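Q: Could you walk me through a few spots in this model, one at a time? I will jump around a bit.

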Amino acid sequence: MNEFAFKGILQKEGWIESVKIKTNDDGIILAIEKDDKTTHKDYAIPGFQNAHSHAFQYAMAGLAELHPITETQNDFWSWRKTMYQIALNISPEQLEHIAAMLYKEMLRNGYTHVAEFHYLHHDKNGIKYNNQAEMSQRLMSAAQTAGIKITLIPIFYQNGGFGKKSEKEQRRFISNSIDDYLALFQSCEECIGNFPNASVGYGVHSMRAVDTENIIRLSQLKKESIPIHIHVSEQLKEIEECISYLGQRPVEWLSNHIEIDENYHLVHATHLIDEEVEYISNARANVVLCPSTEGNLGDGIFPLKQFLKHNGNWSIGTDSHVGINPLEEIRILDYGQRLITHNRNTFGNRDSGDNGLLAIESAYINGKKAMGIDQNDFFEIGKPLDALVLSCEHPLLQSTSSKNRSNTIIYSGDSSMYKGTIVNGKWVIDKGLHKNQNIDTHFLKTMKELNVR
Ligand SMILES: [Zn+2]
């Protein structure tokens, strides 16, 4: 049995001061007790859940910002061309090294679980590997090396656009039929037995990339308890094409053809009309918002204020990994809303009115759902101890009362406040450091080989 003593832990209802958490050797919480006798140190908040990641894109973080004067178009679609060039060149081993580095950095930033939206399935010529789950397995192995939990979401990617055959550059992503996809899913599912902190979810790349009858079919075939993720309504062009091909907007089409529920995670959902906002929130489905990537790509701003009026569920993800700081994701999300509504009260529309706490709650509880896990509180008996630990000696935290502590962390926190990250009751990051330096060595070698930076 292990014991952790904290000066404070954050629960859904707020801070509990002077707490001892006891875990078994697997890191499962056995007891959460008030304990005034021990000399307590530091504050624990739940480990952040990163509900949307494309690990290989970490190789191009910061690379799409040289904008020649002569270039007329520089948007999502031109960014995608650069991304495809990298996707086409990565070997399984290189993917594993890039992902391990990324996951280590996620842990350093306070994420303890990642949902990997994975579509780079086949070899460089678009031929299936002998083990269909080769690339998926590399991602699970990278997660294990780094010490982060992973929900691997093998993605169904079939077409190059609405009614269009896939493009040559997409050859590594493609499943030709639903049976093809289900075989891929099954081989990933079989793999997870080899990785103690891995699980699987279903994924559809987007409405434009999969035949609608297959989207319907998958929604009927899927096992109920397993989450399903889909990119939706990120780009205006995609919505226009959807309307001209299907006669309906993407979320509108979903509402007319599929019974979505709390296991559905709609990634981005940037451009919604009122009826679509209501449809998603009434179905208790979730949106996964990726504010640093959405901002970087110039996607647009999700109508969060309106969504929250209907008690909508949202989580965060770092998507392209141009930023991998959860505090930054929440701030960009919040400040985007403040800038367009001229109102500072983004999350605080219920209960305590404590913006920071409400943001942590939504990102955490719905983030867990994105991994297929039901979680009622931040730290619970019978659940693993996964936490981001913040130093009580940081001048801002040392001088702040408990009622302002969550907001001090969310709005004014940075890595200088971080003490470390605990996963399954073990310090994976201790005083900012990860024990495994090989991860960096392999990553640097890989980046040299790829020669893109
Ligand atoms: Zn994405």
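**A strand residue, then the metal site**

A: At 3% relative accessibility, H118 counts as buried, where buried means under 20% relative accessible area, exposed over 50% and partly exposed in between, with a 1.4 Å probe and protein chains only. This is a predicted model, in which local features need pLDDT of at least 70 and side-chain atom pairs count only at pLDDT 80 or more, while totals for chains, interfaces and linings use all residues. Residues are numbered from 1 along each chain as its sequence is written, and side-chain values use heavy atoms, with hydrogens and water left out.

Q: Where does H118 lie, and what does H118 touch?
A: H118 lies in strand β6 (residues 111-118), strands being DSSP runs of E with at least two residues and helices runs of H or I with at least four, numbered from the N terminus. Leaving aside residues up to four places away in sequence, H118 touches L95, M135, S136, L139, L152, I153, P154 and I155, contact meaning heavy atoms within 4.5 Å.

Q: Which residues coordinate the zinc ion?
A: The zinc ion is coordinated by H52 (NE2), H54 (NE2), H231 (NE2) and D319 (OD), at 2.1 to 2.7 Å. Donors are N, O and S atoms within 2.8 Å of the metal (3.2 Å for Na, K and Ca), and water is not among the atoms, so sites may look incomplete.

Q: Why is the arrangement irregular?
A: The four donor atoms around the zinc ion subtend angles of 79 to 173°, which makes the arrangement irregular. Four donors count as tetrahedral if all angles lie between 85 and 135 degrees; four count as square planar and six as octahedral if opposite donors are over 155 degrees apart and all others between 65 and 115; anything else is irregular.

Q: How are the donor residues spaced in sequence?
A: The spacing of the zinc donors is H-x1-H-x176-H-x87-D. The pair of H52, in strand β5 (residues 48-53), and D319, in the loop between β13 (313-316) and α11 (326-341), links distant parts of the chain, 267 residues apart.

Q: Buried or exposed, those two?
A: H52 is buried, with a relative accessible area of 0%, and D319 is buried as well, at 5%.

Q: What does the side chain of H268 make with D319?
A: The side chain of H268 makes a polar contact with that of D319 at 3.3 Å; a polar contact is a pair of N or O atoms within 3.5 Å, and within protein one must be able to donate a hydrogen and the other to accept it, with residues adjacent in sequence counting only if both atoms are side-chain atoms. H268 is placed in strand β11 (residues 264-268) and is buried, with a relative accessible area of 0%. Beyond residues up to four places away in sequence, H268 touches several residues, among them H52, H231 and D319.

Q: Changing topic, why is α14 largely enclosed?
A: Six of the eight residues of helix α14 (residues 405-412) are buried, so α14 is largely enclosed by the rest of the structure. The buried ones are R405, S406, T408, I409, I410 and Y411.

Q: Last one: which residues does S199 touch?
A: Not counting residues up to four places away in sequence, S199 touches I150, T151, L152, I192 and M371. S199 is found in strand β8 (residues 198-200), and a polar contact of 2.9 Å joins the side chains of S199 and T151.
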